[in-house]
Amino acid sequence: MTKKDYSFYPGCSSQKGASASNCTTSINAICDVLKIQLNEIPDWNCCSASIGYAGGGELPRLALSARNLALSERHNPGQDIVATCAACWLSTRETKDRLAHDKQLFAEANTALKEAGLTLENKTPVRHMVEVLIEDFGYDALKAHVKKPLTGIKIAGYVGCQTNRPFGINGESFENPIYLDKITEAMGATPVENYEKKVSCCGGALAFSEPEKSYALIKDIIEAAYDGGADMIVTPCPVCQMNVEVYQGLINKQYGTKFNMPVVYYSSLMAVAYGKSGREAGLDGQVIRAKQLDELAG
Amino acid sequence: MNEPNQTAPGTYRGNFLREVEANVEEGEWVKMCMQCGVCAGSCPLGPYWEHPPQEIFMMIRAGKREEVLSSSSMWMCTSCYNCLVRCPRELPITHIMHGLATYAKRLGMEPKQAPMTPRFAQKFWDNLTATGRVNELKLGLALYFINGVAEGVQTSMKMQDIGLGMLKTKRMSPFEILGGHGVKDRAGFHAMLKKAEEIELAKIAKNKAAGV
């Protein structure tokens with residue numbers, strides 16, 4: 001089978017030695033199984049996420065993503081852009097849409113890009129890895145590669161915000177998207193039904209600047225997972241993954257809780273089910289170890 | 001202190017709505033708000049907003065320039081996009097809030113001490129534009145020490161378990177302090193951003209002169 005090519009936008013947090021480097025590891029593992037070829041956009045830059053607005057105006061922020069779009073057109077022509085980070089996907093797709101609907105902004109973005117020796121046609125679809133898995137492969141095809149079904153593992157599918165809003169996955173609702181549950185089910189695990197905090201906010205970047213307010217949100221997300229009988233939380237979003245995993249110690253101190261809930265990328269979960277080793281699945285990146293997955297991966 | 005920018009430009013004849021429509025990202029949508037309040041009820045930090053979005057929209061129409069632009073409200077936005085997808089009038093509320101924050105900051109009218117988000121968001125921008133990619137280690141340290149050394153040491157102590165966890169799992173690298181990741185075409189990257197900023201500022205100046 002020939003490989004499917006995509007133009008890959010990894011984003012800052014996915015780099016070596018960065019907070020979502022374990023996401024990259026696990027994505028590479030599942031791409032190997034599914035014969036997905038990710039061609040990194042050469043010299044890509046930060047998208048400014050959704051917190052760059054204090055220093056960057058609308059056009060400078062759009063220019064950031066426009067540069068990535070233009071680099072992709074030049075170096076990976078004809079390939080859909082794929083992002084694994086929710087904020088990267090959102091910013092890039094938002095830019096594509098905004099520039100497609102506003103001729104003046106499009107012209108201005110191109111004037112700015114010219115300074116970097118680039119031009120933008122703005123024809124490339126911008127997709128999330130989850131869209132690729134569901135739309136280009138489908139649940140049955142994803143299931144067909146399972147070597148170690150995750151039988152008996154109960155999972156709170158935490159979709160979070162930016163993978164779900166404002167764009168979301170085609171055919172899914174904003175209030176109760178079910179694709180993540182369907183993916184975990186395809187891997188042989190049991191999704192928590194009606195996980196109450198499925199699309200709630202973890203505070204995002206404000207976990208840094210408004211920690212106390214964000215910890216309260218995170219506490220509810222974890223509590224609801226325990227209420228649903230979950231063994232672990234699974235998420236597609238790097239910010240969700242970090243916020244919900246790493247502050248549990250502080251939250252325990254503050255609220256007298258005893259949280260010790262693993263928060264795992266969907267791609268790590270899939271990699272284990274596909275028979276990859278713990279290291280290949282990025283499980284050594286867990287600050288709170290996912291013991292059931294560790295045992296299964298061996 | 002009477003900064004020229006902080007007083008309403010005479011050219012807008014006190015019409016703050018027109019000023020917002022001309023200069024704030026997606027500002028032309030403000031007048032479409034029908035005051036239902038679904039945005040306020042959908043916001044994860046709703047209880048902490050000085051004025052929820054629908055109030056901000058009405059205050060803009062009522063010409064409350066100073067109160068809106070110096071408000072801490074829009075700095076409470078977590079960018080969860082819940083308000084945006086639920087708004088029955090389909091206002092891009094999240095973007096308008098970001099746009100108001102940008103405009104307030106540009107005029108120097110943002111809250112200076114609390115909340116911390118205006119300063120953190122500026123640090124994020126400075127961090128990413130320096131090399132083209134975010135340096136998480138430098139960003140984290142800059143944040144911890146945002147209120148000076150004494151508080152910085154205290155915050156670092158409080159956060160040390162988190163830092164150790166990230167180091168142990170190789171999700172943080174001490175070597176990032178030496179420079180770390182970045183784009184290769186640094187000159188082109190910076191020239192592009194400079195040009196984009198120039199175009200945007202020229203537009204605002206033109207709007208002001210024309211009294212749009």
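Trainee: Why does B:Gln35 count as partly exposed?

Mentor: In this predicted model, the relative accessibility of B:Gln35 is 33%.

Trainee: What makes the phi of B:Gln35 worth noting?

Mentor: Its phi is near 65°, a positive value, and the residue is not a glycine. Most residues other than glycine have a negative phi. A:Ser48 is another non-glycine residue with a positive phi, about 75°.

Trainee: Where is A:Ser48, and is it buried or exposed?

Mentor: A:Ser48 belongs to the loop between β2 (36-40) and α2 of chain A. Its relative accessible area is 1%. The limit for buried is under 20%, and A:Ser48 is therefore buried.

Trainee: Why is A:Ser65 called buried?

Mentor: A:Ser65 has a relative accessible area of 1%, which is under the limit of 20%, and it is therefore buried. The residue is part of helix α2 (residues 58-75) of chain A. Setting aside residues up to four places away in sequence, A:Ser65 touches A:Cys47, A:Ser91, A:Thr92 and A:Thr95.

Trainee: How do you know that the side chains of A:Ser65 and A:Thr95 make a polar contact?

Mentor: The distance given for the two side chains is 3.5 Å. The rule asks for N or O atoms within 3.5 Å, one able to donate a hydrogen and the other to accept it. The pair is listed as a polar contact under that rule.

Trainee: How is chain A divided into domains, and how far apart are their centres?

Mentor: The domain assignment gives domain 1 (4-129) and domain 2 (147-297). Taken over C-alpha atoms, the centres of these domains of chain A are 25 Å apart. In the contact between the domains, 26 residues of domain 1 meet 26 residues of domain 2.

Trainee: How much area do the two domains of chain A bury between them?

Mentor: They bury about 2,100 Å², with 69% of it on carbon and sulfur atoms. The size of an interface is often given as the accessible area lost when the parts come together.

Trainee: Why is the pair A:Lys276 and A:Asp32 called a salt bridge?

Mentor: The closest N and O atoms of A:Lys276 and A:Asp32 are 2.5 Å apart. The cut-off is 4 Å between a side-chain nitrogen of Lys or Arg and a carboxyl oxygen of Asp or Glu, so the pair qualifies. Across the interface of the two domains of chain A, the rule finds 1 salt bridge, together with 3 residue pairs in polar contact. On the side of domain 1 that touches domain 2, α1 (21-34) and α3 (86-101) of chain A each supply at least two residues. The most comes from α1(A), with 10 residues. By class, that side has 14 nonpolar, 8 polar and 4 charged residues.

Trainee: How do you know that A:Glu108 and B:Lys203 meet in a salt bridge?

Mentor: Their side chains are 3.0 Å apart, N to O. This is within the cut-off of 4 Å, and the pair therefore meets the rule. Across the interface of chain A and chain B, the rule finds 7 salt bridges, and the count of residue pairs in polar contact is 29. The largest share of the side of chain A that touches chain B is from α2(A), with 7 residues. That side comprises 31 nonpolar, 21 polar and 17 charged residues.

Trainee: What is the extent of the contact between chain A and chain B?

Mentor: Chain A contributes 69 residues and chain B 64 residues. The chains bury about 5,700 Å² between them, 63% of it on carbon and sulfur atoms. In chain A, the residues that lose the most area to chain B are A:Tyr53, A:Ala54 and A:Lys213, together 11% of what that side buries.

How values were computed: Residues numbered from 1 in each chain as written. Chains lettered and ligands numbered in written order. Predicted model: local features only at pLDDT ≥ 70, side-chain atom pairs only at ≥ 80, totals over all residues. Heavy atoms only, no water. Domains from an automatic or database assignment. Contact = heavy atoms within 4.5 Å. Buried area = accessible area lost by both parts, 1.4 Å probe. Helix = DSSP H or I, 4+ residues; strand = E, 2+ residues; numbered from the N terminus. Nonpolar A, V, L, I, M, F, W, Y, C, P; charged D, E, K, R; others polar. Buried < 20%, exposed > 50% of the residue type's maximum accessible area, 1.4 Å probe, protein only.
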